[in-house]
Amino acid sequence: MSQQPGTSGLVFNEPLLWDKSREGRCAVSLPKPDVERAVLDKSLTADAPELPQLSELDVVRHYTRLSQWNFGVDSGMYPLGSCTMKYNPKTNEVQAARQGFAGAHPFAGEEFSQGALEMMYNLEQYLVRITGFDAATLQPAAGAHGEFAGILMIHAYHAKNGKQRSKIIVPDTAHGTNPASASLCGYKSVNIKSGKDGILEPEAVAAVMDEDTAGIMVTNPNTLGFFESNIKEIAEIVHSKGGLVYGDGANMNAIMGIVKPGQIGIDVLHFNLHKTFSTPHGGGGPGSGPVAVVKALEPFLPIPRVVKELDSYRFETNCPDTIGRLHTFYGHVGVMIRAYSYILSMGGKGLKDASTLAVLNANYIKESLKGTLNLPYDSPCMHECVFNDELQKENHITTMDMAKRLLDYGFHPPTVYFPLVVEGAFMVEPTETESKEDIDQFIDAVKSIAKEAVEEPEQLKTAPHLSKVTRMDEVTAARKPCLKG
């Protein structure tokens, strides 16, 4: 049965806190003071903000109702391409909340932190084993931070070898943070275009790779959802000129147990634990972006390093070539625990199955919506597929119009207008956690919207109609933001 507009969710009307305020209400009972009450000088309180006065019930209901306006992966399908917004098993939350971890203090010292150190050491070993590298660090706090760490190590490697280089090759199908990471490390980005099939061509890399180029940053699978099948040949071209290959592993969820990046020419790779390994994602963090490296880059890993000696664990800081400390203490431990729990729960076969199902689901959507939406690159995809609005243009309907209308059908919109190599991009990533029934509902919704684009285009141009906030004037919103709420 196809999803119909307005058949999901609860709607509460909820005013601003200032509108709910009533003189004299208070949500807390303060203890009786043990000092005499003093009257403040009125000049000191003249500019005091007029904060709302609310009861406990006012506060609880306000934030509960606001939470029910939100849409999250626990509410329904969240098909944001290149973001991997998949369901997170709740057992991971249980493990992260265990008192031995949650109550641990970073100043407790190594002898009182053996459990946490063992978990971190084992997680690094699992990530190394999954990807075929020689060593890893869990320090980086997010994917972009992992990129920064990886490029810093490439920079340190060239400095150690006596000749620093000035450029990094960045393809048009790379993640958008790649050029920024290169720039932060002092490199100029050399942009190259992907080929007609949406993947890198060795000839394009060979044309710009020289002995002043530190290396290349390759997102694999790339942002079009394709596996860079020429990666080994590209790595050989870069290595032949003394360069290194950085792998953006944010899309590892498509190739776990199938491809080991460390064995196909990649020298350094970052992961997104908050994408591939089922930890919370979105809302600004926390995230985790571990980095794995080949033997040649191991001396440059950030400190401290977690090492095992007999049956105990400790931090090692005596690493002369290290790029230094990247993070307070050792990263976001709660995120690490969730990823560790996920890996232990899934096992090697489970991780491989997750990847194969993610690929299957994306290809099912691609084939089902081919003809309904335009498919710029009609090839088997990996974890995500990219359409655009070419077929809707004759009715003056854009990707944004379709994305807004999806809200009325109870779905979070997919990623729009990215990657930039596809004009009007409509990028869908179903992940492995969505059932066929849910995916079929999404497909039916998109087909219904495409039909509306022909028969009732105004429905799309003014959508969404059923959400708490309807379509805004985005230019005015950016120039005159309303920050009161």
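**Salt bridges, strands and a charged patch**

Lys366, Glu367, Lys370 and Asp378 are linked in a network of salt bridges (a salt bridge being a side-chain nitrogen of Lys or Arg within 4 Å of a carboxyl oxygen of Asp or Glu). The structure holds 25 salt bridges. The model is predicted, with local features needing pLDDT of at least 70 and side-chain atom pairs counting only at pLDDT 80 or more, while totals for chains, interfaces and linings use all residues. Residues are numbered from 1 along each chain as its sequence is written, and side-chain values use heavy atoms, with hydrogens and water left out.

Several individual salt bridges can be described. The side chains of Lys167 and Asp210 form one, at 2.9 Å from N to O. This pair links distant parts of the chain, 43 residues apart. Lys167 belongs to strand E2 (residues 167-171). Asp210 lies in the loop between helix H9 (202-208) and strand E4 (213-219). Helices (H or I, at least four residues) and strands (E, at least two) are DSSP runs, numbered from the N terminus. Lys167 counts as buried because its relative accessibility is 19%. Asp210, at 28%, counts as partly exposed. Buried means under 20% relative accessible area, exposed means over 50%, and partly exposed lies in between (1.4 Å probe, protein chains only).

Arg471 is partly exposed, with a relative accessible area of 28%. Asp401 is buried, at 7%.

Lys295 and Glu298 form another salt bridge, with the closest N and O atoms 3.3 Å apart. Lys295 is exposed, with a relative accessible area of 56%. Glu298 is buried, at 19% relative accessibility.

The strands come next. Strand E5 (residues 244-248) is largely enclosed by the rest of the structure, because five of its five residues are buried. Leu244, Tyr246 and Asp248 point one way from E5. Val245 and Gly247 point the other way. E5 pairs with E4 in the parallel sense over five bridges. Two strands pair if DSSP finds at least two bridges between them. Val218 has Gly247 of E5 as its bridge partner.

An open sheet of three strands has the order E10-E12-E11, with antiparallel pairing. Its edge strands are E10 (385-388) and E11 (415-416), each pairing on one side only. Two bridges join E11 to strand E12 (residues 425-428), and the two strands run antiparallel. Val416 has Phe426 in E12 as its bridge partner.

Glu201, Glu203, Glu233 and Glu236 form a negative surface patch. Patches are made of residues with over 30% relative accessible area and no salt bridge, with like charges joined within 9 Å and nonpolar side chains (Val, Leu, Ile, Met, Phe, Trp, Tyr) within 5 Å. Asp and Glu count as negative, and the place of a charge in Glu is taken as CD. Accessible areas come from the Shrake-Rupley method with a 1.4 Å probe. Glu236 lies in helix H10 (residues 231-240). At 54% relative accessibility, Glu236 counts as exposed.
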